[in-house]
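Me: I am new to this structure. Can you walk me through it in short steps?

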Amino acid sequence: MSGTDTIVAADVVITSPGRNFVTLKITTAEGLVGWGDATLNGRELAVASYLRDHVAPLLIGRDPARIEDTWQYLYRGAYWRRGPVTMTSVGAVDLALWDIKGKATGQPVYQLLGGAVRDRILCYTHASGWDVPRLLDAVDAQRERGFRAVRAQSGVPGLGTVYGVSENAPAHEQTPGHKPASGHEQPDGRGPGPHGPGPQEEIWDTDAYLRHAPEMLAAVREHVGPELKLLHDVHHRLTPGEAARLGKALEAVNLFWLEDVTPAENQEVLRHVRRHTTVPLAIGEVFNTVWECQTLITEQLIDFVRTCVTHAGGISHLRRIAALAELWQVRLGPHGPSDISPVALGASLHVGLSTPNFAIQEYMGYEPVVHEVFRHAWSYEDGHLHPGDEPGLGIEVDEALAARFPYEPAYLPVARRRDGSITDW
Ligand code: KDG
Ligand code: MG
């Protein structure tokens with residue numbers, strides 16, 4: 001890179017090949033193009049506007065090589081800091097600038113981050129089943145695809161859809177991002193909200209879940225034997241006491257991690273959970289900065305930090321979180337659901353290949369058309385991912401194909417307790 005290149009355009013591409021993705025495209029005077037993911041499931045247009053209306057004008061004329069300075073400019077310079085919309089926008093710019101730096105130097109981004117510290121990145125995928133027999137089939141199917149780590153979720157007896165697991169849902173589900181319910185229909189047993197169109201709603205019953213989860217996970221462990229890494233996601237739904245009880249009940253299952261046991265805002269409660277169980281805890285997919293991770297890391301209240309490269313300020317900031325976590329033997333296991341695009345997944349893999357305390361990458365996979373819109377050098381093989389050796393992030397977006405899939409309003413579902421009150425998602 002000459003150091004004299006400048007950013008001449010910053011465009012936002014919104015596409016919905018089965019689900020919504022927001023992508024930032026930065027173009028330089030020398031003709032380089034960098035891509036960044038800016039997808040925030042269910043709030044996509046807020047990030048698109050933040051980028052188009054508030055960030056893109058500031059980027060024009062800047063030196064694309066000055067990644068850290070641009071990060072500081074958009075974060076500290078904006079006065080209003082943090083939060084998912086801001087940090088996803090900053091993350092998208094950061095990814096696009098690393099992509100440009102890689103293309104300008106002819107290097108894959110992981111080389112610019114210090115080079116590979118491992119040959120490949122362990123990943124985990126999802127298996128879901130309405131009941132235990134169907135869950136075991138789903139787990140077996142993922143093992144046959146080579147996965148050595150599987151997140152197991154099931155329906156709960158007496159409840160309808162539980163976090164995307166419904167009687168008719170495919171075992172290899174996508175993360176929810178449903179179109180608004182019309183107000184009357186009951187797709188897959190889910191009810192629409194009482195106030196007309198909006199997110200689909202599910203009923204949640206903590207007691208029923210706590211009766212079922214230990215039995216369900218013990219059945220999976222017995223079925224798969226000791227080696228498969230098993231994970232389970234609680235989606236922030238328990239109180240500290242309930243979380244401690246669940247952790248204790250799951251100790252014999254030997255989980256790789258138990259995720260998001262309590263709502264992310266109240267970090268103090270993790271001290272209580274830690275006092276009662278040694279089950280490894282993973283938290284942080286909704287965190288956006290190192291400051292939200294600080295207490296959990298420095299007090300060793302978690303074992304894995306789940307911050308996502310695109311929602312937490314990009315490669316530059318995820319590396320800072322990793323550096324802090326390394327001091328406290330906390331490892332990274334970044335969020336990688338189907339509602340972040342293959343651009344973010346690729347960026348996460350460049351961090352993963354070059355960061356010592358990167359433990360595992362979530363990998364749900366994508367529908368075939370998503371792989372066509374976002375062509376990528378990263379690849380899956382035998383339970384592992386690799387970012388590939390193309391310059392930059394190794395992603396090219398087929399803009400003509402992307403344009404054939406216009407944005408569709410979609411929401412994550414909402415969960416209510418049996419008495420009608422809203423519970424954490
Ligand atoms: O958009 C939210 C989903 O990505 C999230 O709920 C999925 O919990 C999730 C996970 O661990 O992948
Ligand atoms: Mg999760």
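This is a predicted model: local features need pLDDT of at least 70, side-chain atom pairs count only at pLDDT 80 or more; totals for chains, interfaces and linings use all residues.

Me: Is strand β4 largely enclosed or open?
Reply: Strand β4 spans residues 121–129. On one side, I121, C123, T125, A127 and G129 are buried. On the other, L122, Y124, H126 and S128 are buried too. Nine of the nine residues are buried, so β4 is largely enclosed.

Me: In which sense do β4 and β16 pair, parallel or antiparallel?
Reply: Strand β16 covers residues 384–386. L122 stands opposite H384 in β16. Two bridges join the strands, and their sense is antiparallel.

Me: Which residue is the bridge partner of Y124 in β13?
Reply: Strand β13 is made of residues 361–362. It pairs with β4 in the parallel sense, over two bridges. There, the partner of Y124 is E362.

Me: Which hand does the crossover from β4 to β5 have?
Reply: β4 and β5 run parallel and share five bridges. A127 stands opposite A152 in β5. Between the two strands, the chain passes through helix α5, residues 132–144. This β-α-β crossover is right-handed.

Me: Does D233 count as buried or exposed?
Reply: Buried means under 20% relative accessible area. D233 has 2% relative accessibility, so D233 counts as buried.

Me: And E285, buried or exposed?
Reply: The cut-off is again under 20%. E285 has 14% relative accessibility, so E285 counts as buried.

Me: What is the distance from a polar side-chain atom of D339 to an oxygen atom of ligand 1?
Reply: Among the 15 residues around ligand 1, those that come nearest are N41, Y163, E285, D339 and E362. The side chain of N41 has an N or O atom 2.9 Å from an oxygen atom of the ligand. For a polar side-chain atom of R306, the distance is 3.0 Å. For D339, it is 2.6 Å.

Me: How much of the accessible area of ligand 1 does the protein cover?
Reply: On its own, ligand 1 has 330 Å² of accessible area.

Notes. Residues are numbered from 1 along each chain as its sequence is written. Chains are lettered from A and ligands numbered from 1 in the order in which they are written. Side-chain values use heavy atoms; hydrogens and water are left out. Buried means under 20% relative accessible area, exposed over 50%, partly exposed in between (1.4 Å probe, protein chains only). Helices (H or I, at least four residues) and strands (E, at least two) are DSSP runs, numbered from the N terminus. Two strands pair if DSSP finds at least two bridges between them. A crossover is right-handed if, with the strands pointing away from the viewer, the path from the first strand over the helix to the second runs clockwise. A residue is near a molecule or strand if one of its heavy atoms lies within 4 Å of it. A polar contact is a pair of N or O atoms within 3.5 Å; within protein, one must be able to donate a hydrogen and the other to accept it, and residues adjacent in sequence count only if both atoms are side-chain atoms. Accessible areas come from the Shrake-Rupley method with a 1.4 Å probe; for residues, only the protein chains shown count as cover.
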